[in-house]
Amino acid sequence: MSARRGIVLVLLLIFLAVSASVAALVLFSFAGGAPPTVPANAVLRLNLDAPFPEIEPNDVFSQFAPEVRTLRSTINMVKRASRDSRIKGLVFSPQVNGALWAQVQELRGAIAEFREAGKPVTAYLEVGGPQEYYLASAASRIVMMPAGQLDISGLVTYEVFFRGALDKIGVVPDLLHIGDYKTASNTFTEKGFTPEHREMSQALNKDWFDQLVAAVAAGRKIDDAEARRRISGGPYLAQQALDAGLVDELAYADQLDDTEPMKGTREFKDTDYLRAGTTSPLARVPGARIALLYGTGTIASGRTSLDGSVLGSETFVEWLRKVRVDPSVRAIVVRIDSPGGSAVASEVMWRELQLTREVKPLVVSMGDVAASGGYYIAAPAHVIVAQPGTITGSIGVVTGKFVLKGALDKIGVGVDSVTDGGNAEIYSPFKTFSPGERAKIEEQMRATYDLFVSRVAQGRGKSESEVDAVARGRVWTGQQAKSLGLVDELGGLDAAIRIAQQRARLDTTKEVDLVVYPPKRSLYEIVANPFGSAAEMREELRLMRSPARFLDAAVSVLSRFRRGEPLAILPNVFWR
């Protein structure tokens, strides 16, 4: 029976590979047609449906799907349009469904740059919450649908705690952490906020709210106190938002063409603009490249996943070694969007980054999240760039196990064991840590934490005591982190690339060629190895089922780590 199953599996893989190649040939034969022509009086119509992925998925299914728009391709499109004489204005409709603050801020920066080029920008809202309005506030005009709603009244952060439910089913979360603010385990060990957890959450929420207030004040040309008053007065119906001066006009989408400043122009869709083959009017730096490495996903040992959800240390090290010896690569930018993961894998990547910084300029750009292990691998950079709303820091360690004996007892399942060796059952899921076992685990965790602190101190040019004062597992916004010396500059990926150009002594008034990792897979690679590793194949097939539940996601993440491995990972509340 097992041999027969193996044959069936091989035949299935052959069928999928052949189907993929046939689909590719069909797509290559019929795709496209002539690119659309941009009219001389165009208004770019942009749909901002965030969050955007940092990288395009590299799995077999996504290769033949419609083009996936990434955060960088969207921002590049807006910036190129700002320099395109045929594009007279911009209309965008913001929708934010789960994006965190840093990505929203990077998008807002591109819209503001378009407006600074002297071109009108219209934001069109049907409904909008705080992040949609944050984006809209960059526009020169905000239009709302007459039946719309502006749902702003402040910011709130909710966190969920599972300890009570685990108690009911007999599962004991025997978890340990280093750092009073390292709250990743609190999700399972507590029934509510600890004092330190509440203090940290309040500080984060307040800073994000202050950033929202500042953006609204600048966009509406009012002072911060008035912006705070107007935000706190919501939520608003459309007419109320107009009366409060938060929107400029009420109209339906089909009426926009008849209003200033769109009269006499032609709407041009963003999808068509991407296909139009627009080029930058800026000259390029000849013979020089900057490597752009994406460090996205949960950090683990082994290979990086094709969908970008796991950042494998083995793959990342291979990328670094390639660009380090490439004489055409003058500098390296690492874009990090990661909540962390394995402390061991983070140390492996740290070592390779440390070797790299001795050879070439190394700049880190932080996306939505660069925390715990994500900050660990940022530490060697010559310059760290983050958005004001980036989630970062969380310099701490957590480990432990879930003890299932009580749950098994409830359903009549017995477990017994025989052991040799004093601590053979230290990671047993059927008993809690003994005092001796707990002391051993805490000793290992303390060593991992001390190493983490020393790596940050070395990279940031600080003493270990200075780092420990802002570490202890605490999460900061990028703006807070800059004031503490954990971040050097506030800005997005383009700012990091400019800094890399400066450090490589390249002309920053010209564009530079980027060599991007992970690279796009060739058709041969897709056909020869459509799913990557066997583990990735299983993940691909799992994703074809209904959306994963919380426990499915937890098991998937935990299965990436070795038994007893210390984790430098962010609290679950911040994960997407």
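In which loop is Pro 51 found? Pro 51 lies in the loop between β1 (42-50) and α2 (71-82), where helices (H or I, at least four residues) and strands (E, at least two) are DSSP runs, numbered from the N terminus. The model is a predicted one, in which local features need pLDDT of at least 70, side-chain atom pairs count only at pLDDT 80 or more, and totals for chains, interfaces and linings use all residues. Residues are numbered from 1 along each chain as its sequence is written, and side-chain values use heavy atoms, with hydrogens and water left out.

The secondary structure of the protein consists of 21 helices and 21 strands. Of the 576 residues in the protein, 51% are buried; buried means under 20% relative accessible area, exposed over 50%, and partly exposed in between (1.4 Å probe, protein chains only). Contact is defined as heavy atoms within 4.5 Å. Among contacts in the protein between residues at least 6 apart in sequence, 76% link residues at least 24 apart.

Two cis peptide bonds are described here. One joins Ala 50 and Pro 51, with omega about 10°. Another joins Gly 234 and Pro 235, with omega about 0°. Pro 235 is located in the loop between α8 (224-232) and β6 (236-237).

For Lys 221, a residue other than glycine, phi is near 60°. Lys 221 is part of the loop between α7 (195-220) and α8, and its relative accessibility of 66% places it in the exposed class. For Arg 472, also a residue other than glycine, phi is near 55°. The loop that holds Arg 472 runs between α16 (464-470) and β18 (475-477). Arg 472 is partly exposed, at a relative accessible area of 33%.

Leu 44 has Leu 90 in β2 as its bridge partner. The bridge partner of Val 91 in β3 is Thr 122. Strand β2 is mostly covered, with eight of its 10 residues buried. In a regular strand the side chains alternate between the two faces of the sheet.

Ile 332 belongs to strand β12 (residues 329-338). With 0% relative accessibility, Ile 332 counts as buried. When neighbours within four places in sequence are left aside, Ile 332 is in contact with Ala 291, Leu 293, Val 323, Thr 356, Lys 360, Pro 361, Leu 362 and Val 363. From C-alpha to C-alpha, Ile 332 and Leu 362 are 5.0 Å apart in space, while 30 residues separate them in sequence.

Two packed helices are described by the angle between their axes and the distance between the axes. Axes are lines fitted to C-alpha atoms, for helices over the stretch in contact, and angles run from 0 to 180 degrees between N-to-C directions. The axes of α2 and helix α3 (residues 101-116) come within 8 Å and cross at roughly 10°. The pair α2 and α3 is therefore roughly parallel; angles under 35 degrees count as roughly parallel, over 145 as roughly antiparallel, 65 to 115 as roughly perpendicular and the rest as oblique. The crossing of α2 past α3 is left-handed, a term used if the near helix is turned anticlockwise from the far one by less than a right angle, with right-handed used if clockwise. From α2, Leu 71, Thr 74, Ile 75, Val 78, Lys 79, Ala 81 and Ser 82 meet Gln 103, Glu 106, Leu 107, Ala 110, Ile 111, Glu 113 and Phe 114 of α3. This contact of α2 with α3 has eight nonpolar, three polar and three charged residues. In these classes, Ala, Val, Leu, Ile, Met, Phe, Trp, Tyr, Cys and Pro count as nonpolar, Asp, Glu, Lys and Arg as charged, and the others, Gly among them, as polar.

Helix α12 (residues 343-357) packs with helix α15 (residues 435-460) at an angle of about 25°, and their axes are 12 Å apart. That angle makes α12 roughly parallel to α15. α12 passes α15 in a crossing that is left-handed. In α12, Ala 343, Glu 347, Trp 350 and Gln 354 meet Thr 448, Leu 451, Arg 455 and Gln 458 in α15. By class, the residues of this contact of α12 with α15 are three nonpolar, three polar and two charged.

How values were computed:
Pairing = 2+ DSSP bridges.
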